[in-house]
Amino acid sequence: MPARIFRVSIIPESAPDVRRVLEVDGRTSLHDLHAQLGRAFAIPPSKAGYAFFTSGRPWDANAMYVDPRAEGRRADKALLFRLGLEAGQELAYVLGFEVERHFTVRVMAIADVAQPLAAPVLVESVGELGAEAQDVEPAAPDEDEAPPELSELMPLAEKLLNRLEELEPHEEQLATARAHSDRWDDLPEALADFKAMAAKPQTVHLQPLGPVFSAAGEAALALVRALGGDLGLFARLDEWLLEDGIGPRLLDLPLSLSLTEETELALELARAMHFIDPDLCGGDVAVILARAGRREEALAQVEQNLSVAKDEALAEAKAGDTYRALGDMPAAEAYYRRSLAVSQAPSDRLHAVMRLVACLLDQGRDAEANELMLAQGVQRRTDAKPAAIGAVVGRNEPCPCGSGKKFKKCHGV
């Protein structure tokens, strides 16, 4: 399979004569591009959030990808080769939400090559940003030194990050496997191409990659055990390693492990992380058991999850995922409809719709799936550009989730 290379130019809005031109592999995520952009412009590390907009319009909610800790479509899940980008297309990039820095990212060329690009290449560097343009937030005196309470955790976290990096060459295989098991996992691609979603995804067997994934799972388990169930300590670690997106990647790992048939390790990790997100991790335990064919255990876990759920929409959705993994489509559909009925946040509603759409497609009910998307206000585009529920939301307008806060202080963060 040929690899893909993207050549992109990045120009700061505040300094139009300054630019950097990078070549990056197609498996690069927008989160990775964010990190590369910071290095290319020598922008000091910061805890500030960021967002990309594939439409080229800042704060276009239909085309927004945000840092992994924010609510919305995650930048670390958005791989360049899957975004339907074209040569000449421009993306907007905003760094910092209190003090915003705007950049234009232009796709100069896309090329298919025999081998993946091993590392990003800085092709051109013109001009330098002034100190004022570089500073997004005032730097802490010891910016590079972890707080004392994290000192014992950092070696374990760094080991995990190294193991996660070893998974990156297999990202495409994993994404294809998840498209088969969780067809709603890549919302932008599904929304952009309904026909592609309706087609039965290719089955990918990841068992040969078990040792690579199990090494990451063991490193994750060691870190989680060292946290000792301290949610506040986990939150501080997650914030400190925001650039690496360790929290979301950690929570994603159990389901990935289950696809490599590392069932026991997947279960152990999901159960160990229960203190971080009980509804998510409890739901993952049920799905992992279902994938392993352990029906009675899976259904008992579903009942337990529903009885103690704080996030009802998520618990109902995970119950549907469990029944879908067991092959019981009518039951899965019932839970997905329940999840949609109780969803309050736009992102929850969108995921519930796409789960239900996937379930209908699995049953050959394509027309119903299409009607559901239209009835629920899910916009689909035919030009391979991402779309989502809702229209463009102004930065200072009320957030569409109904919280009463401005968009930039709520789902725009």
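How many residues has the largest nonpolar core, and which of them have the most contacts inside it? Before answering, I note that this is a predicted model, in which local features need pLDDT of at least 70 and side-chain atom pairs count only at pLDDT 80 or more, while totals for chains, interfaces and linings use all residues. Residues are numbered from 1 along each chain as its sequence is written, and side-chain values use heavy atoms, with hydrogens and water left out.

**Entry 1: cores.** I found 47 residues in the largest nonpolar core, and Leu160, Leu269 and Met273 have the most contacts inside it. For this term I took buried Ala, Val, Leu, Ile, Met, Phe, Trp, Tyr and Cys residues joined through side-chain atoms within 4.5 Å. Buried stands for under 20% relative accessible area, exposed for over 50%, and partly exposed for the range in between (1.4 Å probe, protein chains only). Among the elements giving two or more residues to this core are α3 (154-167), α7 (210-227) and α11 (278-291). Helices (H or I, at least four residues) and strands (E, at least two) are DSSP runs numbered from the N terminus. The most comes from α7, with 8 residues. I also noted a second, separate core of 28 residues, which includes Ile10, Phe52, Leu85 and Val107.

I then looked up Leu160, leaving aside its neighbours within four places in sequence. Its contacts (heavy atoms within 4.5 Å) are Ala216, Ala219, Ala220, Leu223, Ile246 and Leu250.

**Entry 2: strands.** Two strands pair if DSSP finds at least two bridges between them. I read 10 bridges between β1 (residues 3-12) and β6 (residues 101-113), which run antiparallel. Val8 stands opposite Val107 of β6. Strand β5 (residues 90-95) is also antiparallel to β6, with 6 bridges, and Leu95 has Arg101 as its bridge partner there. The hairpin of β5 and β6 has 5 residues between the strands, and Gly96 takes a positive phi near 90° in it.

**Entry 3: Lys77.** I located Lys77 in the loop between β4 (64-66) and β5. Its relative accessibility is 34%, so Lys77 counts as partly exposed. Beyond its neighbours within four places in sequence, Lys77 is in contact with Arg178 and Asp252. Lys77 and Arg249 are 172 residues apart in sequence, yet 9.7 Å apart in space, C-alpha to C-alpha.

**Entry 4: cysteines.** I counted 0 disulfides, taking a disulfide as a pair of cysteine sulfur atoms within 2.5 Å. Cys281 counts as buried because its relative accessibility is 2%. Cys359 counts as buried at 0%.
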